[in-house]
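This report covers two features of a predicted model. Please view the sequence and structure first.

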Amino acid sequence: MAQLSTQPYKGARDFYPEDKRIQNYIFSTWRHVVESYGYEQYDAPLLEPLELYAAKSGQEIVSEQTYQFVDRGGRTVAIRPEMTPTVSRMVAARRQELAYPARWYSIPNLWRYERPQKGRLREHWQLNVDMFGVETVDADLELMLISYDIMKAFGANDKMFKIRVNSRRLINIMMAEYLELDVVQSQLMIKLFDKKNKVTPEEFRDQALAIFDQEQAKTGLKKIAALIGAKTMGELPKELLATSAVQDIQALFTLLRERGVTNAVFDITLMRGFDYYTDIVFEVFDTNPENARSLFGGGRYDGLVSLFGVQPVPTVGFGMGDVTIKDFLETHNLMPKPESTTDVYMIVLGNALKGAQKLARELREEGVKVAVDITGRKLDKQIKSAVKMKVPFMLFVGEQELQDEVFTLKDVAKSNEEKLGFGRIVTTIKDYRRRYVDDDDL
RNA sequence: GCGGAUGUAGCUCAGUUGGUUAGAGCGCUGGUUUGUGGCACCGGAGGCCGUGGGUUCAAGCCCCAUCAUUCGCCCCA
């Protein structure tokens, strides 16, 4: 019989305590920002009927990248690969009774069957933030501001990332009316635009030519050059400038500037994969050359809720994965120092265990998190455990200390110690927590 | 689904044109030290060289297969 493997399932991660601390930090930062905008958390099952994704997510996700099985009742079941269809289902179910604008968020784990690679695993957790019920760009603005604030909350500055913005509505006009492409040609051209930064200008030109028919090719390349060459919206071809799609984007950029966001850029090549986006789309992009990649993104998908047979609900949302943001934090050296969630490791000397347990209980009643070493090991072994666990304080408790009610409290990082009574121990630890750790919802 | 790279101690890796008993650093562990970790010194444990086949007098090293990890591609949150 083969030896059992200790490895986690391919593309999925074990979270040891030191890893879970990091994940908790990311989750807690997310929650802080979105809750500060009044978003409330929801959740839903890991499993959904497969048809939910067949409807709108895009073909490949369903056929190739979904974990699926047939349950004992013969139902075809999928492990959720994304949250958007689920939340749309939930909104549709209570379409009439919800209070709008509905501001919701969740942090689900999602599964996709694909080859793992940098920044993309089979299981990841994703912050999903959505606003339902507002059709003006003020909703798009709010979601982008939240994205921006999250990046700031992680310690990023404006130079580390940029926000790319485009519009599906504009893309459709661009393809169908400006370039005069049919549906099939449009899809090919959208894919080509999407990978513009990955191919050489020559390859781009040749592939564009291959999409046009002979008649279109005469003027097509010039038109594309005019599009790509536009660094600001104002440089767009006149035919497009007059459209309401462009005017909406311009209004959005004005609002962003008013709110102090200066690293947002219009990018006509931004496409985003999902079919369900209908209007403005945006993407937060890492500007570091070593990690030059899309970090996360979102946009408006006004049509999804109505798939469930109810009147449409205008919706804007984005999704942000834990794997990519962790890579970003590591690339930019923004990862906080890992430290235990425990405040004090109690080192017990001689026959003091009973007294130490009583003291620990009293400390807990004051809100201090205490781990007691109950092993009876030699002093240095106990200290080593505390250091390895990265607990910030050690408290030495022996028979003499219990009798005097004065204990030695050691600050591990500073390596200095003080003899303190109960009250001072509590305040010292709480001061430390207030200064260095923001753990109110860990 | 396609292509590249890599699998040797818990971790990071070295290992000569194939040659006898497979190495280092860190970590772990015991001691110097029965109430103070990180430093120092002295000991110790720990390897089916990913797995299976093949070539050879002889394989960690060469060949084939397979599994795993990883980086890209396709695709995309």
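## Helix pair α6 and α7

Helix α6 spans residues 168–178 and helix α7 spans residues 183–194. Their axes come within 10 Å and cross at roughly 125°. The crossing of the two helices is right-handed.

On the α6 side, the contact involves I171, M175 and A176; on the α7 side, S186, M189 and I190. By class, 5 of the residues in this contact are nonpolar and 1 is polar, with no charged residues.

## Strand order and pairing

An open sheet is formed by 5 strands in the order β14-β13-β15-β16-β17, with mixed pairing. At the edges are β14 (370–372) and β17 (416–420), each of which pairs on one side only. From one strand to the next, the twist averages 25°.

Strand β16, residues 407–411, pairs with β17 in the antiparallel sense over 5 bridges. Within this pairing, K410 stands opposite E417 of β17.

## Helices on the sheet

Helix α13 (residues 353–365) packs on the sheet and touches β13 (344–348), β14 and β15 (393–397). The direction of α13 makes about 170° with that of β14.

Helix α14 (residues 379–388) also packs on the sheet, where it touches β13 and β15. The direction of α14 makes about 170° with that of β13.

Terms used
Residues numbered from 1 in each chain as written. Chains lettered and ligands numbered in written order. Predicted model: local features only at pLDDT ≥ 70, side-chain atom pairs only at ≥ 80, totals over all residues. Axes fitted to C-alpha atoms, helices over the stretch in contact; angles between N-to-C directions. Helix = DSSP H or I, 4+ residues; strand = E, 2+ residues; numbered from the N terminus. Left-handed = near helix turned anticlockwise from the far one by under 90°. Contact = placed C-beta atoms within 7 Å. Nonpolar A, V, L, I, M, F, W, Y, C, P; charged D, E, K, R; others polar. Pairing = 2+ DSSP bridges.
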